[in-house]
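I'm opening my notebook on this one.

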Amino acid sequence: MKLLKWLDDYFEAIFMVILLFVMSIFIGLQVFMRYVMQNSLAWSEELSRYMYIYMLYLGISYGVRTNRHLRISVIQNLLKEKGQKVLSLFSDILFLFFSVIVVINSTDVAMSIANFGQITASTGMPMYIVYMGVPIGFSLVILRLLQNIIHKVMHFKAPVEDYMVRKMHKDTQGAEA
Amino acid sequence: MTAIILFGGFILFSALTVPIGISLGLAVIATIFYSGIVDITFFAQGLTTAMDSFPLMAAVFFILAGDLMGRGGISKRLLKVADAFFGRYTGGLALVTVAACMFFAAISGTGSATVAAIGTMVIPEMMRKGYDRGFSSALIASSGSIGAMIPPSVTMVIYGVTTGVSITAIFLAGIFPGILVGLSLMIYSYIVSRKHGYTGNDKAYTTREKLQIINEAKWSLLVPIIILGGIYGGIFTPTEAAAVAVIYGYIIGMFVYKEFSIKELPEIILKSALITSTILVIIGTSSGFGRILSLERIPSMIAESIVAMSSSKVVVFLLVNALLLVVGTFMETLAAVIILAPILLPVVTAYGMSPVHFGIIMVINLAIGFVTPPLGANLFVACQVADISFEKISRAIVPLIIVMVAALLIITFVPQISMFLPNLIMN
């Protein structure tokens, strides 16, 4: 149960941190190897690019978890509390609709690339792995949105701040991010 | 009709508080379902291919590098350096504020962090010196917007990725325009300070003391030299430079200035990764947008209608600037770049403006929009930092916006200010 709560707070975050940290080291290493060791790395740039794709799409999901997406709130601010809550629920449903379409179509794309057997240019790994970043990321987005929607329906009477975003189980560092 | 669904859908979904990037994605999907103008597979593939870009990686590294540097120590040291050089003149603190923001801009890739970092330290000091609260907070907000104008700049990276213009060229072109905007703010502050009798520090630093202060700040001052020098010297690409700055930031932050421990590192990294994801989501979800635009000939239609309105280059450039300023006030910066760059670029190039020069104009316009009431995001940050009402700062910012627009017009009509460095170094 404790683990589950921790994963609810940080699942995407763990991967995002590892991916970004390793990316920065890879590219730093690439510069170091080229200028100091006179030896250009072939794999570092390609691998980092693919890790970046995963980081970005996991980040979209974590942005849903932490309610950090950029929105235009002009209309929302004109509404009373109840209206704001309904609007927020409705916007989650639109986001959910988008995510479902994305998961279906991007899975198709990844499958057809898998069937085609394409591999990446310098590391030679299967190309479909790269394309799986989008369906994986947006599947998590769907999960996070469902969590939010359930939370909102169940806490419709809660104060707006508590309604809009699910509190972190552990109110420490990650909550600030 | 296609255009109405595309743009109308985007406006509708955004108004319904759907995240901006997702709104554009929904509008693209709606357009695809309605007209079948491109295949949905093209869109689905674009979600991956649009993000699969090495130049685009510069964005996350510059954001992370800025955050690593911005933790405590560096902004404090930059302020000290600025104080040693400008502090004793009339309006000293105001000049110091602008100068520190310009330094910080050459390290960080965004504007709003600058406002918070420098503002919190400067505002109390300015109050003590008897500066007007409205003027001080408005000055902080507008100086902070220089963060996006002086390279490295995330907005410039996105413009380069969207239009295919060399990021190195845009970074080069951005230096003098950014300095010009900063100088304009300094001149204005000086005039205001003379009028209101804001005096400088009594302390005049000796050369020895100045060198001492520079020495303390040397690790921070080295950052722009490494980043920009490395890029312009052809030693590394902008993305590599940004990654080097990140590693430099780890080392300086943890071992030299000891501003944070290795335990705090994951939290810092997570913050940058999350910010990057939420602003870059639109790069992926807007895939297909450019294709639909060009298939529908929307850019050329807009270009033709603008050309029909006036054949004068001056009028057209003024119109484009006005449009960008208005959009910059209402729309998130990256969304504005992604949507407007492909539409407006053909217009201005038809009048002989270089795509690099236009990138600078766009970046500055959108940065000014960032401090323009009623929605400028930097204003809200400055309000919190300076504890002032939004109405008051909105009134106080007006003259500063006029000053920045004046600088913008000079930059628009004297292309050499932007193009001098790229022409000199890249040819």
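Over which residues of chain A does pLDDT stay under 50? I found that this happens over residues 173-177 of chain A, for which the model has 12 contacts beyond four places in sequence.

Ground rules. This is a predicted model, where local features need pLDDT of at least 70, side-chain atom pairs count only at pLDDT 80 or more, and totals for chains, interfaces and linings use all residues. Residues are numbered from 1 along each chain as its sequence is written, chains are lettered from A and ligands numbered from 1 in the order in which they are written, and side-chain values use heavy atoms, with hydrogens and water left out.

Entry: confidence in chain A. I looked up the mean pLDDT of chain A and got 90, with 95% of its residues at 70 or more. Helices here are DSSP runs (H or I, at least four residues), numbered from the N terminus.

Entry: Lys85(A). I found this lysine in helix H4 (residues 81-116) of chain A. Is Lys85(A) buried or exposed? Lys85(A) is buried, because its relative accessible area is 3% (buried is under 20%, exposed over 50%, partly exposed in between, with a 1.4 Å probe and protein chains only). Setting aside neighbours within four places in sequence, Lys85(A) touches Phe156(A), Lys157(A), Ala158(A), Val160(A) and Tyr163(A).

Entry: Most residues other than glycine have a negative phi, and most peptide bonds are trans. I noted that the bond from Pro151(B) to Pro152(B) is cis, with omega near -5°. Pro152(B) sits in the loop between helix H9 (146-149) and helix H10 (154-163) of chain B.

Lys258(B) isn't a glycine, yet has a positive phi of about 50°. I located Lys258(B) in the loop between helix H14 (238-256) and helix H15 (265-285) of chain B, and Lys258(B) is exposed, at 61% relative accessible area.

Asp387(B), also not a glycine, has a positive phi of about 55°. Where is Asp387(B)? I see Asp387(B) in the loop between helix H21 (377-386) and H22 of chain B, and Asp387(B) counts as exposed at 63% relative accessibility.

Terms used: pLDDT = per-residue confidence, 0-100. Contact = heavy atoms within 4.5 Å. Helix = DSSP H or I, 4+ residues; strand = E, 2+ residues; numbered from the N terminus.
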